[in-house]
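Student: I've got a new model open and I'd like to learn how to read it. Could you walk me through it, feature by feature?

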Amino acid sequence: DTLDEGTRQAVMRRQALLGPAYRLMYADPVAVVRGAGTKLYDGAGRDYLDAYNNVPAVGHAHPRVVDAIHRQLATLCTHTRYIQDGILAYADAILPTFEDHIAHVMFTCTGSEANDLALRIARHHTGRDGVIVTSEAYHGNSLATAGFSPSLGAKSPLGPWVRRVPTPDSYRLAPETLGSWLAAEVQKQVDDLERHGGGLAAFYADSLFSSDGIHADPAGFLAPVAEVVRRAGGLFVADEVQAGFGRSGDRFWGYQRHGVTPDIVTMGKPMGNGYPVAGLALAPRLVDRFGADLRYFNTFGGNTVAIAAAQATLDVIRDEGLQANAAAVGAMLRAGLRELATRFEGIGDVRGAGLYIGVEFVTDRRTKAPDSATALAVTNGLRQRRVLISATGFHANTLKIRPPLVFSRADADRLLSELEATLLDLPGGR
Ligand code: PMP
């Protein structure tokens with residue numbers, strides 16, 4: 001009811017035209033008309049600091065990516081059934097970022113399609129159908145991937161071949177035993193799948209457990225899990241849609257922080273800086289039979305323009321040293337947030353890796369009881385101060401800070417000072 005008339009009209013029109021399944025962010029939704037670098041702009045020319053969008057990894061409207069797309073679109077845009085140099089050059093550029101056993105790359109348009117294709121390949125390879133994911137995982141919006149995306153909520157049906165393990169909650173569980181604990185949980189679900197006849201085709205993990213509340217540490221905790229999956233004959237799928245392309249700061253791919261060697265790596269979101277391009281990389285032996293028995297074609301996946309966007313994005317990540325920037329600015333931001341936590345009781349935990357940061361609010365640091373209301377008030381309060389973030393986890397009580405990788409120290413300072421002001425504005429100054 002506090003919305004201005006223009007916004008209220010736009011929200012109603014949107015609901016009338018797009019229907020009820022779409023969600024807007026913030027109590028007072030933002031209308032944007034332009035983006036550049038780490039900023040979004042509204043029609044009045046006001047800037048909003050984008051501390052949330054990981055898709056424009058190299059910055060909104062990066063001129064090199066825009067130019068590459070523009071030039072390619074004016075020259076040729078077609079599918080993967082012709083010989084084209086670009087797709088091979090990109091494969092040559094991306095494959096060395098993985099361990100040696102990963103030697104093929106396949107292209108899709110979305111992360112959902114990549115995870116869906118990974119499941120088809122895993123099932124064809126293993127002859128089994130079971131999938132294990134974490135309790136609040138999100139892996140996509142297709143029928144198959146929504147079926148193993150419990151974060152869609154209790155009313156979104158999971159496949160009967162799906163088993164969940166609890167969130168590896170790095171704030172509440174002992175760090176020394178997090179890996180062995182998760183491995184034992186995965187083993188229980190492997191046993192259950194086997195008892196019910198299916199067996200394990202694939203274990204999927206978002207390497208930063210984004211929708212589970214962001215759990216990055218201790219690095220290495222996935223290693224014992226990968227061992228259990230391997231022994232069960234299932235495939236380890238590293239879902240790098242969130243964690244990949246240098247975001248974690250430490251390594252180019254999030255799973256590499258854990259020292260695991262996945263069978264399949266799926267990727268998307270930042271891959272084309274906003275142009276739809278996604279895909280998967282995998283060990284050739286996994287797709288040998290799939291390739292012979294079936295075939296793969298995706299009309300738009302890996303088209304000439306998508307590849308040009310992906311190549312330009314990868315080049316910029318390297319040329320501008322954005323993985324190192326994620327490490328440096330991420331560390332600075334976490335230090336600043338930890339300093340705020342010394343003054344604001346409601347901040348129970350600050351965590352993450354690189355430029356993927358969680359700030360968890362609790363009503364009581366001793367019991368660690370989740371405080372969803374404060375997280376919601378903070379995201380809305382920051383929005384009023386023109387800083388855009390969101391919240392994640394089962395209780396949505398963890399701030400999700402996930403800016404473009406070009407986020408500067410000045411951007412981090414702006415975020416920290418606006419967050420402090422927002423916290424001071426809350427009733428009781430939590
Ligand atoms: N996996 C993860 C971890 C994701 O976060 C997402 C998107 N939020 C997807 C897969 C699906 O990607 P897309 O929306 O491109 O289909």
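This is a predicted model: local features need pLDDT of at least 70, side-chain atom pairs count only at pLDDT 80 or more; totals for chains, interfaces and linings use all residues.

Student: What does the radius of gyration say about the overall form?

Tutor: You hold it against what a compact globule would give. For 430 residues that would be near 22 Å, and the protein has 21 Å, so the two agree. Along the principal axes, the C-alpha atoms fill a box of roughly 60 × 55 × 45 Å.

Student: And how many of the residues are buried?

Tutor: Here a residue counts as buried if 20 or more other C-beta atoms lie within 10 Å of its own. By that count, 51% of the 430 residues are buried.

Student: Next, secondary structure. How many helices and strands are there?

Tutor: The protein has 12 helices and 16 strands.

Student: How do I read a sheet?

Tutor: Start with the general idea: strands of a sheet pair through backbone hydrogen bonds, either parallel or antiparallel. Now the case here: 7 strands form an open sheet in the order 4-10-9-8-7-5-6, and the pairing is mixed. Strand 4 (104-108) and strand 6 (162-165) are the edge strands, each pairing on one side only. On average, neighbouring strands of this sheet are turned by 20 degrees against each other, direction ignored.

Student: Which helix packs on that sheet?

Tutor: Helix 6 (residues 178-195) does, touching strand 5 (130-134), strand 6 and strand 7 (200-206). The direction of helix 6 makes about 160 degrees with that of strand 6.

Student: What about strand 12: is it mostly covered or mostly open?

Tutor: Mostly covered: in strand 12 (residues 356-364), 7 of the 9 residues are buried. Follow its pairings next. Strand 11 (residues 347-353) runs antiparallel to strand 12, joined by 6 bridges, and Ile-347 has Phe-361 as its bridge partner. Strand 12 is also joined to strand 16 (residues 398-401) by 4 bridges, again antiparallel, with Thr-398 as the partner of Glu-360. Strand 13 (residues 369-370) pairs with strand 12 in the antiparallel sense over 2 bridges, where Asp-364 meets Ala-369.

Student: Which residues have a positive phi in the hairpins of strand 12?

Tutor: Between strand 11 and strand 12 there are 2 residues, and Gly-354 in the turn has a positive phi of about 55 degrees. The hairpin of strand 12 and strand 13 has 4 residues between the strands, and Lys-368 takes a positive phi near 60 degrees.

Student: Where is the open sheet of 4 strands, and what is its order?

Tutor: Read in order it goes 1-2-3-14, with mixed pairing. The edges are strand 1 (34-36) and strand 14 (387-388). Strand 1 and strand 2 (residues 39-41) run antiparallel with 3 bridges, and Gly-35 stands opposite Leu-40.

Student: Last one: how many residues surround the ligand, and which are the closest?

Tutor: The shell has 15 residues, with Thr-110, Gly-111, Ser-112, Asp-206 and Val-241 the closest. By type, the shell divides into 3 nonpolar, 10 polar and 2 charged. Helix 4 (residues 111-126) gives the most to it, with 3 residues.

Terms used:
Residues are numbered from 1 along each chain as its sequence is written. A residue is near a molecule or strand if its C-beta atom, placed from the backbone, lies within 6 Å of it. Ala, Val, Leu, Ile, Met, Phe, Trp, Tyr, Cys and Pro count as nonpolar, Asp, Glu, Lys and Arg as charged, and the others, Gly among them, as polar. The radius of gyration is taken over C-alpha atoms; the globule rule is 2.2 Å times the number of residues to the power 0.38. A residue is buried if 20 or more other C-beta atoms lie within 10 Å of its own, exposed if 12 or fewer, and partly exposed in between; C-beta atoms are placed from the backbone. Two strands pair if DSSP finds at least two bridges between them. Axes are lines fitted to C-alpha atoms, for helices over the stretch in contact, and angles run from 0 to 180 degrees between N-to-C directions. Two residues are in contact if their C-beta atoms, placed from the backbone, lie within 7 Å.
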